[in-house]
Amino acid sequence: MAPFRIRTFGDPVLKRRAEEVTEIDGRIAHLAEDMHATMKEARGLGLAAPQVGVGRRLFVYEIGESGPRTMINPVMVESDGEWEHEEGCLSVPGLYFRIVRPKQVHIKGLDLDANPVSIEADELEATLYQHELDHLDGRLLLELLDHDQRKTAMRELRRRSESEGGAGGQSST
Ligand code: NI
């Protein structure tokens, strides 16, 4: 059993701006560990603290050969280009949308030892960071959809909440 239940669309914690982590201590390390376990079980690439009901600015992820990573108080310092990707979200299970975001990003933050981290990434990895940063600002990918996509999504979510469908097989964040 994963330590946390992943909060889904409609939960108010997903709409709130998360607060800075002021002290990187054992509690944060423990939270990150539990988030990694939750993410793994859900087969996600990334998971932000608000998705497990914690309004703090951190997210965990694992992409390619990175191994499990934790990013604390991340900020995007630069972004450039455009890249379209079919994105999913563990908080909007089973729905995928083509979303255009900057192709390259430069983000800075802290790791679990409070060391500064600076990462330049592109494509899938850049999308992942932007998606998790959005979660920390209380934004779900539904807000990035155009009018028609959004209408279809809301209809589907309503249908689901009436019949409780299962999650899809693709990777989500
Ligand atoms: Ni997400």
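## Helix 1 and its cover

Strand 1 (46-48), strand 2 (58-61) and strand 3 (69-80) are among the elements covering the buried residues of helix 1, where contact means heavy atoms within 4.5 Å. Helices here are DSSP runs of H or I with at least four residues, strands are E runs of at least two, and both are numbered from the N terminus. The buried residues in helix 1 are I28, L31, A32, D34, M35, H36, T38 and M39. Buried is under 20% relative accessible area, exposed is over 50%, and partly exposed sits in between (1.4 Å probe, protein chains only).

After the helix comes R43, with a positive phi near 55°.

## Model notes

This is a predicted model: local features need pLDDT of at least 70, side-chain atom pairs count only at pLDDT 80 or more, and totals for chains, interfaces and linings use all residues. Residues are numbered from 1 along each chain as its sequence is written, and side-chain values use heavy atoms, leaving out hydrogens and water.

Rings of Phe, Tyr and Trp (its six-membered ring) pair if their centres lie within 6.5 Å; planes under 30 degrees apart are stacked, over 60 edge-to-face, the rest tilted. F59 and Y61 have ring centres 5.8 Å apart and planes at 50°, so they make a tilted pair. F59 is buried at 0% relative accessibility, and Y61 is buried at 2%.

Y61 also pairs with Y129: centres 5.2 Å apart, planes at 90°, so edge-to-face. That pair links distant parts of the chain, with Y61 in strand 2 and Y129 in helix 2 (residues 123-136), 68 residues apart.
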